Amino acid sequence: MDAPEPESPAWQDVDDPHRPRRGLRRSRIDFHWTWFATVILLAAALGTRRIPSARPDWPDLTIWATAIGTAILVGGSLVLHEASHAMVARAYGAKAIVLRFALASGAVTTDARQLGPRGVAATALAGPLANAAVTVVTGGLALALDPNAPTGGLLWGTPVVHASTGPVLVAQGLSLALADTATLNALAGAINLLPIPPFDGGIAVDAVIWHVFGWMGAARAIARVAAAGLIGAAIWQFMSGDIISGALAAMIALLIDRLGKGGRNR
């Protein structure tokens, strides 16, 4: 979720006076072609590598049906994540909302001043909560359909099992699709809770400090301080002769610093 400052391009885009208005409340949804390409590539990766290696006895039809079903479920859960942001923002009084989807991510842009600190925090946390709900529902359904469902298999591997036939095979395919959807949603929710903008956790930290101290933008400062500390650790590692650890610390520091700047620019 994005909670931009008034001077940011996102704010100007939402309140563009030349854009046709729909009453006092306006919304817009933009899907970039890269979002659809990502869903297609996910299905291709699942159908050519992941599922055949885990279920080598499955016929091609079952493999590709499972791959396409998983990609659709994951894409739908991403839309649900951003829609949750938008619905909570609307409940807190947002009048102009833009939902954008590109690559494997999405963003919701609105005016933080209309929401207030509590509204910003609630809106930010709505996305990870949606991921948690999807994880519980899809993981539970996967285990109900197949007690041996490989929940978490995308992260630490899926044991190879011999497929059955008929309805049991269909249940196994649906169970695998649900299990992988649960794994990806759990991972997405955890990443989005990181206290670094533009992740949802960073926006929530901003909102809390805004409420307590009246200062919006603290998460960016925290990210920059953390990046500076990691740079110091990287220099120490280099001086100690540990080149690999130093390079890893430096790369993480640059990533955190770039994400912090991204939260400011969006």
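Which residues does A207 touch, not counting residues up to four places away in sequence? I looked this up and found P117, V120 and A121, taking contact to mean heavy atoms within 4.5 Å.

Before going further, I noted that this is a predicted model, in which local features need pLDDT of at least 70 and side-chain atom pairs count only at pLDDT 80 or more, while totals for chains, interfaces and linings use all residues. Residues are numbered from 1 along each chain as its sequence is written, and side-chain values use heavy atoms, with hydrogens and water left out.

**Confidence.** I checked the pLDDT, the predictor's confidence in each residue on a scale from 0 to 100, and found a chain average of 78, with 77% of the residues scoring at least 70. The lowest confidence in the chain falls in helix α1 (residues 9–14), at a mean of 34, and the highest in α3, at 92. Over residues 3–24 the pLDDT is below 50, and this stretch has 40 contacts in the model beyond near neighbours in sequence.

**A207.** I placed A207 in helix α7 (residues 200–213), where helices are DSSP runs of H or I of at least four residues, numbered from the N terminus. A207 counts as buried at 1% relative accessibility, the cut-off for buried being under 20% relative accessible area with a 1.4 Å probe and protein chains only.

**Helices α3 and α4.** Two packed helices are described by the angle between their axes and the distance between the axes. For helix α3 (residues 60–91) and helix α4 (residues 112–145) I read an angle of about 155° and axes 8 Å apart, the axes being lines fitted to C-alpha atoms over the stretch in contact and the angles running from 0 to 180 degrees between N-to-C directions. That makes α3 roughly antiparallel to α4, a term used for angles over 145 degrees. Among the residues that meet are S77, L80 and H81 in α3 and A130, N131 and V134 in α4. By class, this contact has 10 nonpolar, seven polar and no charged residues.

**N185.** I then turned to N185, which is found in helix α6 (residues 167–192) and is buried, with a relative accessible area of 3%. Which residues does N185 touch, not counting those up to four places away in sequence? I found S77, N131, V134 and T135, and I noted that S77 in α3 and both N131 and V134 in α4 also belong to the contact of those two helices. The C-alpha atoms of N185 and T138, 47 residues apart along the chain, are separated by 9.4 Å.

Notes. Buried means under 20% relative accessible area, exposed over 50%, partly exposed in between (1.4 Å probe, protein chains only). Angles under 35 degrees count as roughly parallel, over 145 as roughly antiparallel, 65 to 115 as roughly perpendicular and the rest as oblique. Ala, Val, Leu, Ile, Met, Phe, Trp, Tyr, Cys and Pro count as nonpolar, Asp, Glu, Lys and Arg as charged, and the others, Gly among them, as polar.
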